[in-house]
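The following explanation leads from the overall architecture of a protein chain to individual side-chain pairs. Please keep the sequence and the structure in view while reading.

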Amino acid sequence: MTETLPAAEQTEDPAARPVVPRRTVRVVIDAGDDPGLNRRLAALEAASRIVVRPNPVRSTTDLVWDVLAAAGKNPAAVHSPRLSVADAWKAVAAWLSAAHVTDVIVERAHRLLPGEPLELAKLADRIDADLWLIWSSPADPTRTCNSIESLGRSRRNRGRLPASGPHRHVRVIGISIFHDLLSLPAPAHHQPPHPDEHADIDADWPALPTADFPLFLATCRRRLAGDTFDQLNHAYRAEAQRADEFVRRHRHELTPSRTPGEFQRQLNAYLRDERLGTAASGRLALIRLRAIQASLLTRGVLLRWQSAALGPAAPDKLTTWLTPGICRALRATVSTHAAAVTVLSLHLTAAPDRFAHLLCRNVDEHGQYLYLPTFADHALYLRADWAHQLDRRDDDECPSYAHTTGKTLLPPYAADIIAAHLAHRRADGAGTRRRFFADPKNPALDASDRALTEMVLRTCRRIGVDPIWLHRGHCEVAQLGAGPAPLTDWMAARRLDVKILTDRGATL
């Protein structure tokens, strides 16, 4: 019999508890206001280091917008009426913790308003980063240091440090020690390419014929050069062998006694997560698709592709629509809710009518997988080692996703977006049994399907993406990802469909 934990441990995630240790704050004295320090701070900026440049003309609550701009968010979008100041601090902490930021440097910290250094120190505690305050003024920083060290209690003691009570370590260092502690990165001999846009030899394929899979290989032999065809033939044969192995793993799902659609769902996930969705280019995806079609036909499965319905450059639409460029645009979004739900909708090619049922424990700690309850034993998808001790109930499980199969792989370049939203939900106090998507204005309430759909549409308009499965009105694909039981949304959006052949044929 499953052991039942106390109620407090059932509803609260241990990872959601606040960090107890307080990080040391370093105040860097630059009384001469060295102009070369600005160039050095610009050189220190990196993915793990952010430099906050506070706006000299701001109110007492505007510091969070400067931190969001330093984190790479769109400056024109940070002042959103949909986001309160408290939610903005949660959002910036979630984004920075997911990006593994180790250093937060504040330029011209002597201009900070009372209470702002303490807010920055709390932010550094939450993301487990070091805080550096650049004091570019001959004024004495003692009052600010006492406020940080006494956790704000010195303001009630005329700026003097209280005799006892909790405190935070503050170190005052010179500019030379700052240069030694934070050294510049080694100079590069050449500009490295963007990690999301590195050259891939699999993406370098010439124009390929549009012939259907029975004639594809023969047409390529006639039109391509000899060495190019040899490379294509090698990739084609290797892909056909992988497809054979896939069918052998799921051959029991092709038997007439099995429920219709089981093999289609497995194939949908296989094409999306392993073969077509992850292809480096549309031409490589076309080679893989033709090889898979030919291999499946020998096993009695007809995989059809209506490429004419996709218009020109149809092979380019076989790969995932969640590209690295789209993820970079989503990282400029302030709201983690909007970015995360758009990632799932674009990757799964499905309307978010069921995303409201996702639980926090259905998401991997680092945002690399979704664990969905499609197995009889629900403990198989739980992400934590201690989760098997929870008192499992069927009524709080999210419904089975027809377009997924258990452990769903997410693109690695989108993992930080999902991890950022999970960190945001933990900041809201959400445990493993709470919904992954909640109402942004009231985290205690679950997000509605309509609100999530509107959020995806609004975000897609901003980044210039047209999700055809969310079209309204009389569009033929308006209900592609919706409905009570979506089957193969990812394949349907690419005009792929599957027919299981029998001795009497199939209804084509």
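Two strands are said to pair if DSSP finds at least two bridges between them. Helices (H or I, at least four residues) and strands (E, at least two) are DSSP runs, numbered from the N terminus. The model is a predicted one, in which local features need pLDDT of at least 70 and side-chain atom pairs count only at pLDDT 80 or more, while totals for chains, interfaces and linings use all residues. Residues are numbered from 1 along each chain as its sequence is written, and side-chain values use heavy atoms, with hydrogens and water left out.

With these terms in place, five strands are found to form an open sheet with parallel pairing, in the order β2-β3-β4-β1-β5. From one strand to the next, the twist averages 20°; axes are lines fitted to C-alpha atoms, for helices over the stretch in contact, and angles run from 0 to 180 degrees between N-to-C directions. Strands of a sheet pair through backbone hydrogen bonds, either parallel or antiparallel.

Within this sheet, strand β1 (residues 25-29) and strand β4 (residues 130-135) run parallel and are joined by five bridges. V28 has I134 in β4 as its bridge partner. Helix α6 (residues 142-149) lies across β1, β4 and β5, and runs at about 145° to β5.

For the chain as a whole, the secondary structure comprises 16 helices and nine strands. Of the contacts (heavy atoms within 4.5 Å) with a separation of 6 or more, 73% are accounted for by residues 24 or more positions apart. Of the 508 residues in the chain, 48% are buried, where buried means under 20% relative accessible area, exposed over 50%, and partly exposed in between (1.4 Å probe, protein chains only). The accessible surface amounts to about 25000 Å², and carbon and sulfur atoms contribute 52% of this area. Such areas come from the Shrake-Rupley method with a 1.4 Å probe; for residues, only the protein chains shown count as cover.

The structure also holds 16 salt bridges, each defined as a side-chain nitrogen of Lys or Arg within 4 Å of a carboxyl oxygen of Asp or Glu. One of them joins the side chains of E239 and R242, at 3.5 Å from N to O. Both residues lie in helix α9 (residues 226-249), three residues apart, about one turn of the helix. E239 counts as buried at 1% relative accessibility, whereas R242 counts as partly exposed at 37%.

Another salt bridge is formed by R331 and D416, whose closest N and O atoms are 2.8 Å apart. This pair links distant parts of the chain, as R331 lies in helix α12 (residues 324-331) and D416 in helix α14 (residues 415-427), 85 residues apart. R331 is partly exposed, with a relative accessible area of 22%, and D416 is likewise partly exposed at 22%.

Helix α14 also carries R426, whose side chain meets that of E365 in a salt bridge (2.8 Å, N to O). Here again distant parts of the chain are linked: E365 belongs to the loop between α13 (336-348) and β7 (369-371), 61 residues from R426. R426 is buried at 12% relative accessible area, while E365 is partly exposed at 32%. Finally, salt bridges that share partners join E239, R242, R275 and R288 into one network.
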